[in-house]
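Student: I've got a chain to look at and I'd like to learn how to read it. Can we go through it together?

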Amino acid sequence: VDPLSDAFILTALTVFFLAPQTCLGTTPAQPQQDVEQGTEIPNVKYTVITHNVARPAHRSDYVKMKDKNGKEFDCVMPSKTTEEQDAQHVEEQKKQADINAKSEQELPSLDSLLAPLTGRCFLRPDGYWNFELCHGKKIRQFHEEARKTTVEYSLGDFDRAVVPKVVSKDTMDSSVVKHYFEGGTRCDETNGPRHAVVLYRCVEGKENHIESMKEDATCSYTIVFATPLLCDHPLLAGGTHAGSHVKPRVSDYLVGLSGTCFYRVEGWWTYEFCYQKHLKQFHQENSVNTAEFMLGLYHEESKIVDDSGNIHIDDASKDSSAFYSQTYTKGTICDVTGEPRQVEVQFKCATDSLNVVSSIKEKSTCKYALVFYTPLICNHPAFQSKKDTVRQIECYPTQSK
């Protein structure tokens with residue numbers, strides 16, 4: 001962050017409620033609570049905050065200011081010096097925290113690592129019973145005959161009140177992440193609800209799957225879930241992990257689109273996009289296709305450990321947003337070029353939680369670009385929204401000597 005010039009700092013202060021000692025402010029400070037206000041000065045958001053506590057001793061880069069009532073404040077500038085002082089202070093606190101760290105650590109980032117599993121359910125047959133785990137939602141135990149469920153028990157709903165944690169070497173050869181499921185179907189033997197715990201562990205090079213299922217005690221269950229998604233976490237790398245870090249693949253986040261088709265009508269044509277299958281262009285009359293062209297087919301590529309090369313920046317968009325691209329080829333032969341039609345599908349983060357074909361354009365003869373918005377990739381690091389740069393001017397009541 002570049003240091004602010006004195007002129008910008010004084011401008012920001014004047015816009016709010018503080019002024020240099022030779023000037024009058026426009027709004028009185030409110031000592032009973034912290035007050036935060038903001039304004040825009042080309043490309044940067046400036047915020048003035050007043051505190052009801054003394055200025056931290058390590059923050060020595062400040063200017064004395066007064067509000068219109070004459071109350072004096074020590075206003076810490078968002079300068080390079082302040083950044084260095086804060087960074088040093090944070091580093092000292094971090095070192096102290098590391099010293100006091102316990103073996104069991106709360107790591108909120110685990111949610112984002114497991115985000116590709118959201119909306120997915122996994123089945124494990126076990127003799128007479130089938131067990132179904134729906135990540136972050138519920139677990140059920142059931143029996144089917146002739147594809148009809150004849151008996152079913154809930155083993156619990158996901159307990160969102162418990163923060164996911166890394167548990168070191170928890171009765172296994174590697175660290176795990178625990179999810180708790182409570183409030184299942186009442187158990188006749190214990191006269192209490194069934195419940196379960198799911199242990200997520202790193203297993204590199206394999207698909208996500210339920211590894212084992214065990215009833216530890218009457219109506220109390222433990223499920224071990226193997227996933228490569230956790231193998232990039234330093235505390236979870238182990239067991240079958242070879243030691244290399246695996247970047248989260250965008251394609252893992254999009255599995256929720258599998259088996260689903262989406263449509264868009266533009267004039268005479270209707271477009272059918274089926275994820276990882278095809279993009280088709282057709283015209284229909286009386287429920288009959290009178291004209292049809294295949295614009296591209298998806299071809300299963302070899303397993304790619306890192307698909308970050310398919311993430312691009314859309315310079316034409318207002319916010320230079322990122323998109324993930326897949327190419328569908330070998331469509332219907334084009335009469336003009338004599339080559340098969342093909343299409344680039346661009347996946348972008350949808351903040352409104354809707355999966356939708358936003359647009360489709362013919363960039364050149366028989367070569368197309370389809371833009372698809374989906375909330376599924378919004379948790380991938382490459383698609384995190386960029387926040388405005390906020391620089392704070394923090395003012396503390398001057399302490400009498």
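What follows is a chat about this chain, question by question.

Tutor: Before we start, this is a predicted model, where local features need pLDDT of at least 70, side-chain atom pairs count only at pLDDT 80 or more, and totals for chains, interfaces and linings use all residues. Residues are numbered from 1 along each chain as its sequence is written, and side-chain values use heavy atoms, with hydrogens and water left out.

Student: How many helices and strands are there in the chain?

Tutor: Both are DSSP runs, numbered from the N terminus: helices are H or I with at least four residues, strands are E with at least two. Going by that, the chain has 4 helices and 24 strands.

Student: What share of the 401 residues counts as buried?

Tutor: Buried means under 20% relative accessible area, exposed means over 50%, and partly exposed is in between (1.4 Å probe, protein chains only). Of the 401 residues, the buried share is 40%.

Student: Which residues have the most contacts inside the largest nonpolar core?

Tutor: A nonpolar core is a set of buried Ala, Val, Leu, Ile, Met, Phe, Trp, Tyr and Cys residues joined through side-chain atoms within 4.5 Å. In soluble globular proteins, nonpolar side chains tend to be buried together. The largest core here has 25 residues, and the ones with the most contacts inside it are L254, F273, L279, F347, L370 and F372.

Student: What does F372 touch, leaving out residues up to four places away in sequence?

Tutor: Contact means heavy atoms within 4.5 Å. F372 touches L257, F262, F273, Q346, F347, K348, N355, V356 and V357.

Student: What is the strand order in the open sheet of 5 strands?

Tutor: Strands of a sheet pair through backbone hydrogen bonds, either parallel or antiparallel. Two strands count as paired if DSSP finds at least two bridges between them. In this sheet the pairing is mixed, and the order is β19-β20-β21-β23-β22.

Student: Which are the edge strands?

Tutor: Look for strands that pair on one side only. Those are β19 (311-313) and β22.

Student: Is β16 mostly covered or mostly uncovered?

Tutor: Count its buried residues: 5 of its 6. That makes β16 mostly covered.

Student: Which residue in β17 stands opposite F273?

Tutor: β16 and β17 (residues 278-285) pair in the antiparallel sense over 5 bridges. Their hairpin has 3 residues between the strands, and Q276 takes a positive phi near 55 degrees. Opposite F273 stands L279.

Student: Which residue in the turn between β15 and β16 has a positive phi?

Tutor: β15 (residues 261-266) runs antiparallel to β16, with 6 bridges joining them. E266 has W269 as its bridge partner. With 2 residues between the strands, the one with a positive phi, of about 65 degrees, is G267.

Student: Is Y180 buried, exposed or partly exposed?

Tutor: Y180 sits in strand β11 (residues 176-182). Beyond its neighbours within four places in sequence, it is in contact with D157, F158, D159, V162, A196 and V197. Its relative accessible area is 29%, so Y180 is partly exposed.
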